[in-house]
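Subject: Structure for you to look at

Hello,

Here is the structure I promised. Please open it next to this note and follow along.

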There are 2 protein chains.
Amino acid sequence: MARKDSLKAGELTDTSFFILLSLTESKHGYLIMQDVEKMTEGAVSIGPASLYTTIKKLVAAELIEPVPSIEGNKKTYLITESGKKLLNEDIIRREQIIRTAERVFE
Amino acid sequence: MARKDSLKAGELTDTSFFILLSLTESKHGYLIMQDVEKMTEGAVSIGPASLYTTIKKLVAAELIEPVPSIEGNKKTYLITESGKKLLNEDIIRREQIIRTAERVFE
DNA sequence: CTTTCTATATCATTCGGTGATATATTATAT
DNA sequence: ATATAATATATCACCGAATGATATAGAAAG
């Protein structure tokens, strides 16, 4: 499940999943890192390398977009409509995996 | 989330997850491919390249083990106790991700 | 007897994640 | 004042995971 651009395949990696989830409210990169750590209670942490490379990819795929920010030095982003759509589809995909696992354990 | 051997990090990739799930009942490689396709209703299919390379890795990590089979040419495997433990932990990890997502959407 | 299905296996390639590193700005402490 | 820590963004090089392609061989079917 990691050949062929996972975004074009309509699947989100964990990193993209959490960045999209965090950007349901607009914020800049550094805040995303802190937000993901907080909302997963420290279970998931995204470092700067993963963050900024993934942001670039998500912008290119038009799943997030830069929004004009008041402070000049911070780059602020927000999830797009197609980003929301894909995020919701991916939540369903992940729920189905759980349901499949539960079904196997009768 | 893909540097450093994910098994040692205690996380299962989707491929490893479904193979372990299928091997809660012993079966040989080819049957695993068909079983995963069936239990996910075609949503997930693991090809031979992914299957046999992952089996090798899971055996090395002692999460599955070969079991003596009656038929000589088929190699049969079964999940181990530590495999069951890790699989259960990963189900919980995946459930937590879903719950985090649901919490964000109040 | 040839085609299809079963069954296992490896190679080379590509994509995603990340440690390390760099740079600049802005607080905060001494 | 000034060193130190935290904020903020960015890229490079490397590694692991997944996989299309390909190869091999036995068994079943037509």
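One definition before the findings. A helix crossing is called left-handed if the near helix is turned anticlockwise from the far one by less than a right angle, and right-handed if clockwise. Please also keep in mind that this is a predicted model.

**Chain A: the helix crossing**

With that definition, the crossing of α2(A) and α3(A) is right-handed. Helix α2 covers residues 29–39 of chain A, and helix α3 covers residues 48–60. Their axes come within 10 Å and cross at roughly 115°. From α2(A), the contact uses G29(A), I32(A) and M33(A). From α3(A), it uses L51(A), Y52(A) and I55(A). By class, five residues of this contact are nonpolar, one is polar and none is charged.

**Chain A: the overall picture**

Chain A holds four helices and three strands. Starting at the N terminus, the order is α-β-α-α-β-β-α. The C-alpha trace spans about 55 × 30 × 25 Å along its principal axes. Chain A has 106 residues, and 24% of them count as buried. Take the contacts in chain A with a separation of 6 or more: residues 24 or more positions apart account for 47% of these.

**Chain B: helix α2**

Which residues of α2(B) are buried? They are I32(B), M33(B) and V36(B), in a helix that runs over residues 29–39. Seen down the axis of α2(B), these buried residues fall within an arc of 100°, so they line one face of the helix. An α-helix has 3.6 residues a turn, so residues three or four places apart point the same way.

What do the buried residues of α2(B) pack against? Their partners in chain B are α1 (14–22), β1 (27–28) and α3 (48–60). After α2(B) comes E41(B), with a positive phi near 50°.

**Chain B: the sheet**

Chain B has an open sheet of three strands. The strand order is β1-β3-β2, and the pairing is antiparallel. β1 and β2 (64–67) of chain B are the edge strands, each pairing on one side only. β1(B) pairs with β3(B), residues 76–79, in the antiparallel sense over two bridges. H28(B) stands opposite T76(B) of β3(B).

**Where the chains meet**

On the chain B side, 17 residues are in contact with 17 residues of chain A. Two elements of chain B, α1 and α4 (81–104), each give two or more residues to this side. α4(B) gives the most, with nine residues. By class, the chain B side has nine nonpolar, five polar and three charged residues.

V104(B) lies in helix α4 of chain B. Leaving aside neighbours within four places in sequence, V104(B) is in contact with L21(A), T24(A) and M39(A).

Why does V104(B) count as partly exposed? A residue needs 20 or more other C-beta atoms within 10 Å to be buried, and 12 or fewer make it exposed. V104(B) has 15 C-beta neighbours inside 10 Å, so V104(B) counts as partly exposed.

Best wishes

Note on methods
Residues are numbered from 1 along each chain as its sequence is written. Chains are lettered from A and ligands numbered from 1 in the order in which they are written. This is a predicted model: local features need pLDDT of at least 70, side-chain atom pairs count only at pLDDT 80 or more; totals for chains, interfaces and linings use all residues. The arc is that of the directions from the helix axis to the C-beta atoms. Two residues are in contact if their C-beta atoms, placed from the backbone, lie within 7 Å. Ala, Val, Leu, Ile, Met, Phe, Trp, Tyr, Cys and Pro count as nonpolar, Asp, Glu, Lys and Arg as charged, and the others, Gly among them, as polar. Two strands pair if DSSP finds at least two bridges between them. Axes are lines fitted to C-alpha atoms, for helices over the stretch in contact, and angles run from 0 to 180 degrees between N-to-C directions.
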